[in-house]
Amino acid sequence: MSRRFLRLKSERLANPTAFAIAAAAMLVPANVLPILTTRTMGQVRTDTIFSGTVALWRQELWAIAAIVFVASILIPVLKLAGLGWLLVAAHRGRMRDPRRLTRLYEALDFIGRWSMLDVFLVAFLAGLVRFGVLSNIEPGQGIAAFALAVVLTALATHAFDPRVLWRGQATTEAGR
């Protein structure tokens with residue numbers, strides 16, 4: 001591999017790598033800080049993503065709890081793991097199966113369209129439930145961190161050029 005190609009490759013991978021690292025860093029406060037504060041009849045309840053999922057499960061709202069868990073915890077972690085896999089593979093060069101890696105990229109890109117669902121849900125609830133003294137829902141700091149993590153993973157996905165997975169493939173196949 002030429003030095004020029006290696007320099008171009010690392011320049012192309014710098015932005016998606018930086019976005020992915022920043023998104024991973026934002027997932028920590030997104031999962032630790034409260035995303036929602038509910039005030040009902042004088043009682044105050046503050047929930048993180050995980051505690052909200054557990055509360056839904058305990059209230060026997062299993063389908064909603066499963067959706068929240070998958071959309072808010074599982075998918076962001078798997079998306080970052082997939083991005084990490086692509087970035088490591090692209091940094092190493094000479095992919096064994098660039099077609100499979102390209103499919104992974106396409107799946108990550110598709111999933112990204114649904115990532116803001118939780119943020120919209122909290123915004124919707126906060127706007128809908130305003131009954132003054134009786135009941136009130138306010139978004140917490142964690143939802144801002146979660147939204148930022150979602151935006152950063154979307155930026156990382158869009159900054160990643162899947163063509164870098166195919167570089168050097170023609171020379172590898174020609175040498176066979």
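This is a predicted model: local features need pLDDT of at least 70, side-chain atom pairs count only at pLDDT 80 or more; totals for chains, interfaces and linings use all residues.
Residues are numbered from 1 along each chain as its sequence is written, and side-chain values use heavy atoms, with hydrogens and water left out.

**Exercise 1. Find out how many helices and strands the chain has, and in which pattern they follow along the sequence.**

Step 1. Start with the terms: helices (H or I, at least four residues) and strands (E, at least two) are DSSP runs, numbered from the N terminus.

Step 2. Now count the elements, and you get seven helices and three strands.

Step 3. Reading along the sequence gives the pattern α-β-β-α-α-α-α-β-α-α.

Step 4. For the chain as a whole, buried residues (under 20% relative accessible area, with exposed over 50% and partly exposed in between, using a 1.4 Å probe and protein chains only) make up 39% of the 176 residues.

Step 5. Contact means heavy atoms within 4.5 Å. Among contacts between residues at least 6 apart in sequence, 71% join residues at least 24 apart.

**Exercise 2. Work out in which order the strands form the sheet, and which of them are the edge strands.**

Step 1. A reminder: strands of a sheet pair through backbone hydrogen bonds, either parallel or antiparallel. Two strands count as paired if DSSP finds at least two bridges between them.

Step 2. The three strands form an open sheet in the order β2-β1-β3, with antiparallel pairing.

Step 3. The edge strands are β2 (43–47) and β3 (135–139), and each pairs on one side only.

Step 4. Neighbouring strands of this sheet are turned by 15° against each other on average, direction ignored. Such angles run from 0 to 180 degrees between N-to-C directions, and axes are lines fitted to C-alpha atoms, for helices over the stretch in contact.

Step 5. Five bridges join β1 to β2, and five bridges join β1 to β3.

Step 6. Follow R39: this residue stands opposite V44 in β2, while its bridge partner in β3 is N136. L36 also has a bridge partner in β3, namely P139.

Step 7. Finally, look at the hairpin of β1 and β2, which has two residues between the strands; here M41 takes a positive phi near 50°.

**Exercise 3. Decide whether T37 is buried or exposed, and list what it contacts.**

Step 1. Locate T37 in strand β1 (residues 36–40).

Step 2. The relative accessibility of T37 is 13%, so T37 counts as buried.

Step 3. Leaving aside neighbours within four places in sequence, T37 is in contact with V44, R45, T46, N136, I137 and E138.

Step 4. One of these, T46, is the bridge partner of T37 in β2.

**Exercise 4. Describe how helix α2 packs with helix α3.**

Step 1. Helix α2 (residues 49–58) and helix α3 (residues 62–92) pack with their axes 8 Å apart, at an angle of about 165°.

Step 2. That angle makes α2 roughly antiparallel to α3, because angles over 145 degrees count as roughly antiparallel, under 35 as roughly parallel, 65 to 115 as roughly perpendicular and the rest as oblique.

Step 3. The crossing of α2 with α3 is left-handed: the near helix is turned anticlockwise from the far one by less than a right angle, whereas clockwise would be right-handed.

Step 4. On the α2 side, I49, F50, T53, L56 and W57 meet W62, I64, A65, V68, F69, S72 and I73 of α3.

Step 5. Sorted by kind, the residues of this contact are 10 nonpolar, two polar and no charged. Here Ala, Val, Leu, Ile, Met, Phe, Trp, Tyr, Cys and Pro count as nonpolar, Asp, Glu, Lys and Arg as charged, and the others, Gly among them, as polar.

Step 6. Take T53 in helix α2 as an example: T53 is buried, with a relative accessible area of 8%. Not counting residues up to four places away in sequence, T53 touches A65, V68 and F69.

**Exercise 5. Find out whether P16 and A25 are buried or partly exposed.**

Step 1. P16 lies in helix α1, and A25 is found in helix α1 (residues 3–32) as well.

Step 2. P16 has a relative accessible area of 1% and is buried, whereas A25 has 46% and is partly exposed.

Step 3. Leaving aside neighbours within four places in sequence, P16 is in contact with L87, A156, A159 and F160.
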